[in-house]
Amino acid sequence: MTVGTMSHHIWMSALTVELAKRGHLVTSIDIHKHSENPPTLNTTVIETAFKLSHPEFMKRWSAATVVQQISLMQEMVEKECIRDLGSPTMQRLLDPAVERTFDLVIIDYYTDCMLGFAHRFNYPGMLAVSPFPISPWIDDLMYNPQVPSILAHTMQPFPHPMNLWQRAWTLFLHAHSKLMVWWWRPVQDGLIKRFFGEDAPSVEQLRQHVHVALVNENPVLEAARPLPPSLIPVGGMHVKPADLGRIPVDLRKWMDDSKEGFIFVSFGSIVKGQFIDPAKKRALVDSFAALAPVRVAVDTFLVEEDVHLAVL
C-alpha cells in the first residue's frame with residue numbers, strides 16, 4: 001500500500017517487485033502498475049490513485065508557513081485516510097466475510113490509520129517504509145528520540161551544523177509537530193474504529209506492532225544520528241541501471257539532436273499547471289527560454305493541455 005504520488009510508487013515498487021522475484025506471494029495495492037510483473041505478484045490499482053492534491057489545498061499549502069504546513073499535513077492525512085479506506089478496493093480487503101491471511105503487511109507510512117491492517121489480519125509482522133529521509137513521524141513510530149540540538153526538522157532542513165537560532169527554531173518545530181499529532185490522535189483513533197471495527201485497538205497500541213522501518217536515507221550523505229536496530233536506512237533502494245530503451249523514440253531523438261545540451265524539467269505528479277500562479281508560470285517559461293541555445297523540455301505538469309512534452 002502506497003501514497004498517491006509517483007515518487008512514492010517508484011520507491012515502493014522496487015521492494016514490491018523484488019519480493020515477488022524472490023518467490024514470495026505478494027498482493028500489492030498501488031496507484032500504478034509496476035514496471036515488471038513477476039508471476040507471484042498480484043497488483044490492484046486503487047480507484048483513488050493520483051487524487052492526493054486539490055487546487056484549493058495546494059494554494060493553501062503554497063501560501064502557508066512551515067508551522068502552518070505541519071498543521072495542514074494532519075488535515076491532509078485525515079482526508080487521505082477517509083478517501084482511500086473508503087475506496088472499493090480497500091472495502092473488499094476490509095470485508096470480514098473475505099478470509100485473507102498474510103505473513104507480513106508493508107505500508108508506506110505517512111499516517112496511523114493504515115496501521116489498522118495489523119488488526120484486520122490478526123497481527124502478522126508489519127513493516128513501515130518511507131521514501132523520505134528519517135523524519136519526525138518515523139522517529140516517533142519507532143520510538144527513536146529526536147535530537148533537535150544537532151538534527152534539523154524534515155520540514156525545515158537547515159544545513160549542518162546549525163547555529164543557536166536554528167537549533168531553537170528546530171526545537172519549536174519538533175514541539176509543534178508533537179502537539180499536532182497529539183491533537184489529531186482522537187481523529188485517527190476514530191478512523192480506525194470506523195473502518196476496522198469497534199474492537200480495533202488505539203493508535204498507540206497498534207504502533208507497537210510495527211517491527212521494522214525502512215527509510216530512504218544514506219548515512220554517508222546525512223548528518224550522524226542515533227538509530228535503533230529496527231530503523232534501517234536503505235537509501236537508493238529504488239535506484240537501478242538506466243534503460244535507455246525505455247525512453248520514447250521522439251524524446252530520445254530530441255535529446256540526441258540537442259547539440260548544445262538539454263535540460264529536462266519535471267514538477268512531479270502533484271504540482272499541476274492549475275496550481276501555479278500565472279505570473280510565476282510565465283516567469284518559469286521566460287527563464288527556461290533564456291537558456292537558449294540549451295534546449296529545455298518541460299514535463300506535462302506545467303501546462304494545462306494533456307500533452308506529454310512541451311519543448312521550448
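Predicted model: local features only at pLDDT ≥ 70, side-chain atom pairs only at ≥ 80, totals over all residues.
Me: Let's do peptide bonds. Which residues are joined by a cis bond?

Reply: Look at omega. For His160 and Pro161, omega is about 0°, and the bond is cis. Pro161 lies in the loop between helix H6 (136-141) and H7. Ala292 and Pro293 are joined by a cis peptide bond too, with omega about 15°. Pro293 lies in the loop between helix H10 (278-289) and strand S8 (295-299).

Me: Now disulfides. How many does the structure hold, and how do I read the geometry?

Reply: You look at the S-S distance and the torsion about that bond. The structure holds one disulfide, between Cys81 and Cys113, with the sulfur atoms 2.0 Å apart. The torsion about the S-S bond is -90°, and the link is left-handed.

Me: Which parts does the pair of Cys81 and Cys113 tie together?

Reply: Cys81 lies in helix H3 (residues 66-85), while Cys113 is in the loop between strand S3 (104-108) and helix H5 (116-120), so the link ties together parts that are 32 residues apart in sequence. Cys81 is buried, at 0% relative accessible area, and Cys113 is buried at 0% as well.

Me: What should the span of H3 be, and what is the distance between its end C-alpha atoms?

Reply: For a helix you count 1.5 Å a residue, so the 20 residues of H3 should span 28 Å. The end C-alpha atoms are 28 Å apart, which agrees.

Me: Which residues of H3 are buried?

Reply: Among them are Val66, Ile70, Leu72, Met73, Val77, Cys81 and Leu85.

Me: What does Glu75 pair with?

Reply: Start with the general idea: an α-helix has 3.6 residues a turn, so residues three or four places apart point the same way. Here Glu75 and Lys79 both lie in helix H3, four residues apart, about one turn of the helix. Their side chains meet in a salt bridge, 3.3 Å from N to O. Glu75 is buried at 17%, whereas Lys79 is partly exposed at 48%.

Me: How many salt bridges does the structure hold?

Reply: There are 15 salt bridges. In one of them Glu36 pairs with Lys21, the closest N and O atoms being 2.9 Å apart. Glu36 lies in the loop between strand S1 (26-30) and strand S2 (41-45) and Lys21 in helix H1 (residues 6-21), so this pair ties together parts that are 15 residues apart in sequence. Glu36 is partly exposed at 33%, and Lys21 is partly exposed at 46%.

Me: And what about Glu217 and Arg225?

Reply: Glu217 forms a salt bridge with Arg225, with closest N and O atoms 3.5 Å apart. Glu217 is buried at 4%, and Arg225 is partly exposed at 24%. Elsewhere, salt bridges that share partners join Asp112, Arg185, Glu204 and Arg207 into one network.

Me: Where is Arg207, and which residues does Arg207 touch?

Reply: Arg207 is in helix H8 (residues 203-207) and is buried, at 6%. Leaving out residues up to four places away in sequence, Arg207 touches Tyr109, Asp112, Leu115, Asp140, Leu141, Tyr143 and Arg185.

Me: Last one: helix H7. Is Gln188 buried or exposed, and what about Trp183?

Reply: Gln188 is in helix H7 and is buried, at 5%. Beyond its neighbours within four places in sequence, Gln188 is in contact with residues including Val77, Thr111 and both Cys81 and Cys113. Trp183 is in helix H7 (residues 164-196) too, but is exposed at 58%. Together with Leu179 and Trp182, Trp183 forms a nonpolar patch on the surface with about 420 Å² of accessible area.

Definitions and conventions. Residues numbered from 1 in each chain as written. Heavy atoms only, no water. Disulfide = S-S within 2.5 Å. Helix = DSSP H or I, 4+ residues; strand = E, 2+ residues; numbered from the N terminus. Buried < 20%, exposed > 50% of the residue type's maximum accessible area, 1.4 Å probe, protein only. Expected span 1.5 Å × (residues − 1). Patch = residues over 30% accessible without salt bridge, like charges linked within 9 Å, V, L, I, M, F, W, Y side chains within 5 Å. Areas by Shrake-Rupley, 256 points an atom, 1.4 Å probe, with all protein chains shown as cover. Salt bridge = Lys/Arg side-chain N within 4 Å of Asp/Glu carboxyl O. Contact = heavy atoms within 4.5 Å.
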